[in-house]
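Morning, everyone. Please have a look at the screen, and then I'll walk you through the chains and one ligand.

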There are 8 protein chains.
Amino acid sequence: MQEGSSSDFATVDHDRAARCGHGEVIYAAGKLPHEVVAIAQELLERGSSPCVLATRCDDAQVAAMREAFDGKQPIEVGERCGAVIVGTAESKSTTPIPIVTAGTSDLKVAEEVALTCKALGFEPYPINDVGVAGLHRIMGRLDEVRAGNCVVVVAGMEGALPSVVGGLVDVPVIAVPTSVGYGASFGGLSALLGMLNSCASGVTVVNIDNGFGAAYAACQIERA
Amino acid sequence: MQEGSSSDFATVDHDRAARCGHGEVIYAAGKLPHEVVAIAQELLERGSSPCVLATRCDDAQVAAMREAFDGKQPIEVGERCGAVIVGTAESKSTTPIPIVTAGTSDLKVAEEVALTCKALGFEPYPINDVGVAGLHRIMGRLDEVRAGNCVVVVAGMEGALPSVVGGLVDVPVIAVPTSVGYGASFGGLSALLGMLNSCASGVTVVNIDNGFGAAYAACQIERA
Amino acid sequence: MQEGSSSDFATVDHDRAARCGHGEVIYAAGKLPHEVVAIAQELLERGSSPCVLATRCDDAQVAAMREAFDGKQPIEVGERCGAVIVGTAESKSTTPIPIVTAGTSDLKVAEEVALTCKALGFEPYPINDVGVAGLHRIMGRLDEVRAGNCVVVVAGMEGALPSVVGGLVDVPVIAVPTSVGYGASFGGLSALLGMLNSCASGVTVVNIDNGFGAAYAACQIERA
Amino acid sequence: MQEGSSSDFATVDHDRAARCGHGEVIYAAGKLPHEVVAIAQELLERGSSPCVLATRCDDAQVAAMREAFDGKQPIEVGERCGAVIVGTAESKSTTPIPIVTAGTSDLKVAEEVALTCKALGFEPYPINDVGVAGLHRIMGRLDEVRAGNCVVVVAGMEGALPSVVGGLVDVPVIAVPTSVGYGASFGGLSALLGMLNSCASGVTVVNIDNGFGAAYAACQIERA
Amino acid sequence: MQEGSSSDFATVDHDRAARCGHGEVIYAAGKLPHEVVAIAQELLERGSSPCVLATRCDDAQVAAMREAFDGKQPIEVGERCGAVIVGTAESKSTTPIPIVTAGTSDLKVAEEVALTCKALGFEPYPINDVGVAGLHRIMGRLDEVRAGNCVVVVAGMEGALPSVVGGLVDVPVIAVPTSVGYGASFGGLSALLGMLNSCASGVTVVNIDNGFGAAYAACQIERA
Amino acid sequence: MQEGSSSDFATVDHDRAARCGHGEVIYAAGKLPHEVVAIAQELLERGSSPCVLATRCDDAQVAAMREAFDGKQPIEVGERCGAVIVGTAESKSTTPIPIVTAGTSDLKVAEEVALTCKALGFEPYPINDVGVAGLHRIMGRLDEVRAGNCVVVVAGMEGALPSVVGGLVDVPVIAVPTSVGYGASFGGLSALLGMLNSCASGVTVVNIDNGFGAAYAACQIERA
Amino acid sequence: MQEGSSSDFATVDHDRAARCGHGEVIYAAGKLPHEVVAIAQELLERGSSPCVLATRCDDAQVAAMREAFDGKQPIEVGERCGAVIVGTAESKSTTPIPIVTAGTSDLKVAEEVALTCKALGFEPYPINDVGVAGLHRIMGRLDEVRAGNCVVVVAGMEGALPSVVGGLVDVPVIAVPTSVGYGASFGGLSALLGMLNSCASGVTVVNIDNGFGAAYAACQIERA
Amino acid sequence: MQEGSSSDFATVDHDRAARCGHGEVIYAAGKLPHEVVAIAQELLERGSSPCVLATRCDDAQVAAMREAFDGKQPIEVGERCGAVIVGTAESKSTTPIPIVTAGTSDLKVAEEVALTCKALGFEPYPINDVGVAGLHRIMGRLDEVRAGNCVVVVAGMEGALPSVVGGLVDVPVIAVPTSVGYGASFGGLSALLGMLNSCASGVTVVNIDNGFGAAYAACQIERA
Ligand SMILES: Nc1ncnc2c1ncn2[C@@H]1O[C@H](COP(=O)(O)O)[C@@H](O)[C@H]1O
Ligand SMILES: Nc1ncnc2c1ncn2[C@@H]1O[C@H](COP(=O)(O)O)[C@@H](O)[C@H]1O
Ligand SMILES: Nc1ncnc2c1ncn2[C@@H]1O[C@H](COP(=O)(O)O)[C@@H](O)[C@H]1O
Ligand SMILES: Nc1ncnc2c1ncn2[C@@H]1O[C@H](COP(=O)(O)O)[C@@H](O)[C@H]1O
Ligand SMILES: [Mg+2]
Ligand SMILES: [Mg+2]
Ligand SMILES: [Mg+2]
Ligand SMILES: [Mg+2]
Ligand SMILES: [Mg+2]
Ligand SMILES: [Mg+2]
Ligand SMILES: [Mg+2]
Ligand SMILES: [Mg+2]
């Protein structure tokens, strides 16, 4: 094993903050609780980042994180999405990053967007339940939607909201398809395809339910 | 062969007008030109319908129809979609049937909707190129969209327009996905899935590019 | 937050009854029990609709609804499909809306169709277990099938029943594919494709298992 | 090269008639015209079969076959499907094998069924254009449909006809999905899935457009 | 309700034995235990069949059937597949119906084939675990495989066994793809496609895991 | 027709530059040559944009554009991708926008990226044929890749290049899957899925072959 | 039953070691615990192999194996993947077989690779968590990667690592897609397609999560 | 541009022979004829390889290659598959590499395998048309199949041949699915899935029709 600081099961990428602007984030799914804690500790000790973000933690992983860090470090947990922030992010910008959701069922993914923004040092600004079946809801809040340097739009079902938003703003729209829907939504495929085929210009897309990825890209744009 | 009037290759359904309210329509794809003409003649002679509609005719089929009927019967040809009307439809209603298209590339399918309405005795009313990337276009014509007892919405790409229209009217919306788009539109699948997953209520869907089917259902609603 | 009556997690669309003819319906999936209750209360208090419908409630949501409304409002629960009606619908029509099912396994979806019709003020009329493998069953009940201004047909497996019904009636057929079947039915995809490709005219389709959507469209047609 | 009679590009299976009851059939697609002729000659000379069948021949292959065998052997060509029979089949049975088609667009595939039956020594009996949108057509010919020991049903679009036939006969139904249809028929996938999910018992299925395979199985049943 | 003997939730097809040669079979999935029992009782009382078959029963349904019929009727339960036979089938033939499985994981589906054969009055003959990775296993038992008038072949993974069997026998091969496999087998899709594309002639296919359907077709062939 | 300047077949969105920062772009596919010219003229005359871009022009459309504008306006044609620029863009930024291609077969799409950047007033900077099978190629040009505020990465086949680039830069990566590949690339689906599942953070994706969309988003980021 | 040593439910392939170089491996999924033990005992007794490998054992199967063999034979259990080795393999080579994983979530599949290598008499050499988002990790360990006669690469998500490794070594790369990922990874399909479309030469692919298959092929190459 | 020898449109990887054992191969699809020639010349001049291979050349590209190299270098063209070899390969081994095809329609892909082997300095050994529908054909040539250190198996339709071969040899099997087949073969998907799910151990798979990739891997194994 050549890279000293690596544990047996992981090769932590301590150089990432230098290369990419932010240290490695822990994707908890499929890891044992103690592995999540160990990687978090290694990241904090080596000082790669002032704070650490772990996404998709289940109850056992959240408990292990609380046990390891409560009382030693500030810790924030997203109850819907299982994201955990340990430590305090250094603020990079106070410009709001609007996070627009189509319906209340998309809140789980939107919470992952918001917590990721916070962990990276940016300001999430939620605008909830303003889907296209009642257009006046988004039309009535256009000033808020246009207040940032990009917009994150979270939607399931037919995934039409990013096209509507894309036609109303002059900043990049990052579209997050969610697995909300049933039948022929095929676990988010319907929303994903809708967003990829958006007739509005300037819409780019991330993976289904990938709130983390959307937030990361939004923060990079904000900093650009 | 038991059913007297049938030719060798076809068993024409002369009873359909009695059962379904309109005689059999000829789906020309895969038929020889003379077969299309022969079926049209049998339908006209047996008096199933005052006029006959053949959809999806290619150039050779259109030519054969013109040669057979020009000078004997009124004949109208949809140049984009290959629909042919022989004879004159009996008017059933003068209420407009709004046909809303998202973009100019959807005109081919919209023409099939319009000609089918005419062949069945109803009034098509086109509202073109008012897709969701520029919402003011559809918002500025809501009176026209709301003037009928149903609305046909024709859209490709992400197929978002029916959701928007469905949220603005109190009549049924018949959504027609088109194969317009590229890449991950997969020949209209993207628009089809989007429409099936519409977050607006009252939207029903027909097959990709099936302008005929949408018009037929719209006319049945108009008559209901 | 600009729209006064909205809670934090939801932007209830109180204008919908005016625009679309019926107030917002609560799609319970993915909402917390207290959220379902809160939205129902807001809808009833603001008077958007004389009665409220929540679909796809699980046991906890049904219990929360019962606790909130029992003794205060009439409440009806569909035990198979989890639809809940609170309040009393104002009758809009007494013409029956025939709901035809192919097999007994499709009853869950058919119940959602029936309860939605009732909540919207219309009369559901079930005709059960008359699939195409025994044609005499549907042929023997044609008068009932033809008694309305449209027909809802619910079927899984190959989804052939709407084509047969479509060839026998002169009103619109709304086809609901169900996820009933195994193996290559792929969760209802087989029935969905079958219905979209129906050789009968006048058949339109809603999403897999979407009894609500089919009923909503049927009621709009009935009122048209 | 160990098997004496084999040419360089082919290892003809001269033992097949002994094992399977009929000699190898030439699937012409992807073969050079002279290769098709050479294999046909080898099969005839080695006496594997009294006659040879080549399916899916294009114009050049048909021409090569005519040039090689015209005047020397009886030769029959299916103009729609490109099947070629050289030589005369020995009759194995005179019981009709009913071949039921849903529409006239399915005739191409039905012709391959018929010619294969003839090449194997059996009697094809076509019943055309009796799809489910007009049920009286198939109901009026039930005696003919029931006259054999199995039924071949050829249908595209939603592929519903085999389920209806399966519910009316007490012999095996071999269903052939065709690529007839548009949009969401996806090249015959819709009909294929419909047939695999048939609610009628006793329906088995072959590949899309595989008239040859259906006929071969039907002849084996007839002989069983 | 026009058909007297039908219960509210079901329209039992008492005429099926006359039309199709065997009475209706109960597909238990999605039915309440008492509904399965009620339909079984109605079928036995009306004398449609000397014995009744219910497939895909879960534990509760099996228990309800045992409680209703134990001590009154002979009852046989397939422990792997959940098929239940009540009553005694009248023997229709003593010719064996070979049921060939590729691996031991396919035994669940093969049991459904065997019990269906028995319920219909035919003799199942299992030949287990003789897949293509060890060809000598099937080659060593060819006499048994060739002893019937058809062969049922049950296989998962790549579904190659029917092609090999099809090249060795002169009777129809009914192929049953199973959902056995992992990764890119996609729930049996791989085996299904393999069987539909079989290079051997005379292979027809039923739905994934549909042991019932394969047996039914085999018995019809046996009786043909 | 309410919107004065609109032709019959199109409702040109003259307000788009105000809302979105750039006027409507003409997607030529499916339009008649004279329609492309007419829309271009309307856009130039109404002054929505100082220059007009039409993408996906075929030979006839390019010829019509040349005939209409040669000698009157500057005109530039992308010979590989069929994009046409008429007029001169106003420069918005001189920061290079790196456009990285995996192989030479991706050049067609990369050209659409480059011409769109130019039409919008930005500076494309191509870095060609540096795919992951020879990593030293991209490693040797990292300074150039890092010179902008975002990177566009164009790749077909497995679509791995965006992940590698995403791990090396601290700006947003816009990934464009191309339809380059054969067999199981399924028209770009393989690259699309690869990019959506990128293990690198900050990668967002546009539709297959959608060079226009990627460039548009990149320019919005550059301007943000 | 002709093959003496076979139990009723299984036809163990005792000849496989002679033909293929290694005896049959037990794929435990879908087998009863006592069946797994019985096959293992038969294989050990008949001496087909010095040791026996069972893959995909669940807890009950592992327990049954321990109960049957503990104290009698050496037994090793892979806790993550459920592989069980009974007996001691005869060493065939001491050249390391490098097993490279992209992330820590791929460890389960990598463990199946390693245990299979050991059971076949070869030396697994794990190199973990060196995915493409941090290229320096794999670049820093190239000597180890190049130390064998082939490389096994295990990766989920976009499956890019085999392409990178393939461009850096001159031995065959066996790529194992894993089902690690979410949303549009579709259970490993994304990684599978990525690997099949690898732009690097010399990459071959096994089924999703099929660590056994990859190891088996690697050992055959090592022995070649 | 940093890498001296690279042309504008290509960054030729001259280091590849050192890293991977063989220089870059030209994938001609999507390149202009003069680009194919230019890359070939650069590769020959820089001496990366003693000979150059270009695959998938169309007629114009073949003509350009002939014009550029005829009379100057030995040149060999695969007429079926469009592979072109310029120069003379240095022999690396005389052990035959068996290339087994299922049917004559697979010859196009097999030719690409053979020419690639030759270009890399190895000996292709074709064994044609020995598919599983006639097992005696492959059984009769086992000595030839077993003569090398690996086997390449090329098959379309159900792709069963690799499983059969895999159960008969003790060397790695490289399976190449071909797009030969119709209907539900979906362009080779059926064969691809079949091969990935092979029940035989030691089978690895390359992309559909990817004869080049299979040959490359086979040669690496041969040299291992
Ligand atoms: N490749 C593309 N080129 C140009 N416009 C595109 C492209 N893809 C999507 N679009 C959008 O599609 C609209 C054209 O729609 P249409 O009304 O059919 O002309 C444009 O205004 C763009 O916003
Ligand atoms: N595996 C199966 N077991 C029993 N019946 C089946 C099966 N597959 C299809 N069926 C058919 O499905 C019908 C049951 O439909 P249902 O009305 O829902 O009970 C039966 O009459 C059979 O014709
Ligand atoms: N992951 C795996 N573990 C063990 N055997 C496997 C695996 N994948 C495929 N196989 C093959 O599947 C056969 C087991 O088939 P069965 O008769 O159902 O036990 C074994 O002999 C192997 O050749
Ligand atoms: N439609 C078809 N026509 C002829 N042969 C077919 C067809 N479908 C499958 N086959 C089988 O494919 C084999 C031809 O394989 P090949 O060696 O490529 O000629 C024949 O012997 C048949 O068993
Ligand atoms: Mg809402
Ligand atoms: Mg437009
Ligand atoms: Mg029933
Ligand atoms: Mg017809
Ligand atoms: Mg076995
Ligand atoms: Mg290159
Ligand atoms: Mg890691
Ligand atoms: Mg052959």
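**Chains and a shared site**

Let's start with a pair that stays apart. Chain C and chain H have no contact (heavy atoms within 4.5 Å). Their closest C-alpha atoms lie 13 Å apart.

A word on ground rules. This is a predicted model, where local features need pLDDT of at least 70, side-chain atom pairs count only at pLDDT 80 or more, and totals for chains, interfaces and linings use all residues. Residues are numbered from 1 along each chain as its sequence is written, chains are lettered from A and ligands numbered from 1 in the order in which they are written, and side-chain values use heavy atoms, with hydrogens and water left out.

Now chain A and chain F. The contact takes 29 residues from chain A and 29 from chain F. How many salt bridges (a side-chain nitrogen of Lys or Arg within 4 Å of a carboxyl oxygen of Asp or Glu) are there between chain A and chain F? The count is 0.

On to ligand 1. Around it sit 15 residues (near means a heavy atom within 4 Å). Among the closest are A:Cys199, B:Asp129 and F:Lys31. Residues from chains A, B and F surround ligand 1, so the site is shared between chains.

Look at the distances. A polar side-chain atom of F:Lys31 lies 2.6 Å from an oxygen atom of ligand 1. For B:Asp129, a side-chain N or O atom is 3.0 Å from a ligand 1 oxygen. For B:Ser105, that distance is 3.5 Å.

Definitions and conventions. A polar contact is a pair of N or O atoms within 3.5 Å; within protein, one must be able to donate a hydrogen and the other to accept it, and residues adjacent in sequence count only if both atoms are side-chain atoms.
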